[in-house]
Amino acid sequence: MSFGRFFGGLVLPAMKPEPGPVERLPPPAQLRVPLLQHAGVAAEACVAVGERVARFQRIGRVPDGALGAAVHAPAAGVVVGWERGPVALPGTPEAWHVVIAVAAKGPELRLPPLDPVAAPIAALRERIAEAGIVGFGGAGFRAAERPTAVPRVLILNGVECEPAVASDEALLRERPNEVLAGGRLLARLCGAARIVLALGERMSSALPAVREALAAQPDIELVLLPDRYPADAGLPREPGVRVHNVGTAYAAWRAVHAGEPLVSRFVSVGGDGLERAATLEVMIGTPIAALAAALGGWRDDATVLRAGGPMRGIALPDDAVAVGKTSSAITAWRERGEARARPCIRCGDCAQACPSRLQPQRLHARLQANDLAGAQALGLDACIECGVCDAVCPSAIALTAGFIAAGAAVRLAEHRRRASADARQRFERRNQRLQRDAEEAKQAQATRTGRSASAAAAALAKARAQREAVGGAGPADATAAGAGKTQDAEGAP
Amino acid sequence: MSPRTFRDPGRPSLRVARSVTMTMGLVLLALLPGIAAMTVFFGPQLLGQIAVAVTFALTLEAAMLALRGAPLRPALTDLSAPLTAVLFALTMVLTMAPTAPWWMSLVGIGAAIIVAKHLCGGLGRNPFNPAMVGVAVVLLAFPPEDSHLIAPGPWVAILYATGGLFLLWKRVIPWQTPLAVLGTTVLVTLPFWLWNPDSHPSQLAHVFSGTLVLVAFFIATDPVTGCTTPRGRLLFGAGVALLTLAIQRWGGIAQGVVFAVLLMNAAAPLLDRLARPRWVGEGRRAESGNGHHDG
């Protein structure tokens, strides 16, 4: 297992906020809590407009059998309405938000604390699902339901290689013991015997606190990765390794030890579109405008708003978007004389920098020629969408955006191909079944004329049962199913 | 208060790249010491040759852009046409005569800008190095009577190499190409010279001809017409060196380097294909869900 070794990459400016104590941002008058905050299916609202909610009360539940995560009220108050709008997730999909008018004082609905060592694993797993914990890294996996194979090593990822993002660093600086305890808990849950805490070399403000915490727990290994973007490309990618973000570990620990569902998180706010940068503890559902206001407002020339850092951060349409469980940072950027794209001169700078050792200039040429298969043959699928090629391109070509779109096109074509193959198979099976049933019925009629009616009824029932089994078990497209569920939720309030 | 809207730039908000204009400008800057040395050797008329070539190049570039209906400003300011003109003028002077008449420049630059560059699709799409196409056309159309290279002494080579090292230091050019051109030349000629120093010129004579150094650092490193893979660049440089020696030895053309570059331009896409590095995870079976990352 090797750490920190990868091809290419870039040394980027840190642009991190000053490491001061993390302030808790007071809740705004209204919280807009998204019901979709992770990759998967949106939660269904389980409160009505006008209903009083307690802090930590569940306001969104996972639809039956769906891959989702529960959503809880970050503060006590009254549900005043519903809004549909973009959420800070890749592709900025639209989802329903529960709008809560925050009360100055109100009850709390904590879950009973569990003993992380003595409690049965099933109970811990259930608790983490109940608390709505999702992976804090951008993808937002639900922490309770990671892939089931037992890993040997759990890596606690606190690398944070994007400029202007320092929420993990702040968390490790302020609450290292709880992160480590959460790591131990997650290791117990997945069965990993070895725990490695992976941090960036430049996280100097957190290292003393982390080292002190680790002195009492020498079995947890500390690995420092060089600060070369994208440093997470230097994490081992092999079977038997599971990676969890340090924020996930912290949230899991709070859920088990303090009975707190996930309702707030550390968010770095900064970028060159803001005068000041800071890491704040923010309630989920806080509109981004409130974060900017706390730091003196956007600069007039800020034109790009991102959930995340400048390289991979998700571009947001406006600052009404709410902070979600995966929003490690909110950054605003100016576009300084961004040149319009010029022709590719095949300088190969992108190939020198690509951590996946791809040749972006050739992929780009293939895609310009509409040759998806050719791009795949050059390794399109290995693109990790880090944006390094864009950053170094002297011709200012938007390479990664093209690769992301092409990857989506490839997946869509694959999905369609599979769906049509499945449909054909179902059709053929149905035909066979009908034929067989008809033959059976004919035989039955020939041999036992008296009981033919009941035989046909039995065949029919069997056919129906089979059809239901086929139709119901189909692994329906999660997003599509989610959209359907959301529509249902719309009617509920 | 209505929310403030933002836009999606479709690419990262940080850029660490040098612009095309900057790259071309650095290459022109790196040529200055060598040009100064050549001016001392050939006289100030060299500067006149360069000025004429640059003027023709910019004029033809503008005309071709207008004919193609392409915007003028970005292409005229990217310094690619002046760089082509300067490289053309320098190579023509080194391989033919410092006294070439102005219409020879016009023919050469016309071939370079019109045929080699714009008829092939413009900057970035040309398979052949425009400056070398221009020199080749002039060489074939007006064969020099004295078919010997003009060797302007070691200082020209040394100062071009200095400029080349500057480009290496600034990471404008890759190290593989010049190393392969010069290294292959020395390695291949060494046994012949050791075997019979009287009938074979020394390696230093090859290297210090000036032309080879100019080609190694400034012409074979043209990104558009060369290789982009590291191993491809090594093969490309070695090919330029071998073909130059072969054309000089068996073709009897002293200016073999011009044709060597053009032949290797044609081979570059194939070399890149053969020398493609394996991407991370290539050939490995898709991992099961176990390798999931939540970075």
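## Basis of the model

This is a predicted model, in which local features need pLDDT of at least 70 and side-chain atom pairs count only at pLDDT 80 or more, while totals for chains, interfaces and linings use all residues. Residues are numbered from 1 along each chain as its sequence is written, chains are lettered from A and ligands numbered from 1 in the order in which they are written, and side-chain values use heavy atoms, with hydrogens and water left out.

## The two chains

Chain B has 12 helices and zero strands (helices are DSSP runs of H or I with at least four residues, strands are runs of E with at least two, and both are numbered from the N terminus). The C-alpha trace of chain B spans about 80 × 50 × 30 Å along its principal axes. Of its 295 residues, 51% count as buried, where buried means under 20% relative accessible area, exposed means over 50%, and partly exposed lies in between, with a 1.4 Å probe and protein chains only. Among the contacts in chain B with a separation of 6 or more, 78% are accounted for by residues 24 or more positions apart, a contact being heavy atoms within 4.5 Å.

Chain A contains 13 helices and 17 strands, and buried residues make up 53% of its 493 residues. For chain A, residues 24 or more positions apart account for 74% of the contacts with a separation of 6 or more.

## Helix pairs in chain B

Two packed helices are described by the angle between their axes and the distance between the axes. Here the axes are lines fitted to C-alpha atoms, for helices over the stretch in contact, and the angles run from 0 to 180 degrees between N-to-C directions. The contact draws on residues including B:Leu31, B:Pro33 and B:Met38 of α1(B) and B:Trp155, B:Tyr160 and B:Phe166 of α7(B). By class, the residues of this contact divide into 15 nonpolar, two polar and no charged, where Ala, Val, Leu, Ile, Met, Phe, Trp, Tyr, Cys and Pro count as nonpolar, Asp, Glu, Lys and Arg as charged, and the others, Gly among them, as polar.

Helix α4(B) and helix α6 (residues 130-141) of chain B pack at an angle of about 35 degrees, with their axes 8 Å apart, and this crossing is right-handed. The residues that meet include B:Thr84 and B:Phe88 in α4(B) and B:Pro130 and B:Val135 in α6(B), and the contact has eight nonpolar, four polar and no charged residues.

Leaving out residues up to four places away in sequence, B:Leu31 touches B:Leu83, B:Val86, B:Leu87, B:Leu90, B:Tyr160, B:Leu214 and B:Phe218.

B:Thr84 lies in helix α4 of chain B and counts as buried at 11% relative accessibility. The C-alpha atoms of B:Thr84 and B:Pro130 are separated by 6.6 Å, although the two are 46 residues apart along the chain. B:Ser105, in helix α5 (residues 102-117) of chain B, is buried with a relative accessible area of 1%, and its contacts beyond four places in sequence include B:Gln49, B:Phe56 and B:Met92.

## Backbone features of chain A

Most residues other than glycine have a negative phi, and most peptide bonds are trans. A cis peptide bond, with omega about -10 degrees, joins A:Tyr229 and A:Pro230, and A:Pro230 is found in the loop between β11 (221-225) and β12 (241-245) of chain A. A:Thr92 has a positive phi near 35 degrees and is partly exposed, with a relative accessible area of 22%. A:Asn370, with a positive phi near 60 degrees, lies in the loop between α8 (360-368) and α9 (372-377) of chain A and is exposed, with a relative accessible area of 72%.

Note on methods: Left-handed = near helix turned anticlockwise from the far one by under 90°.
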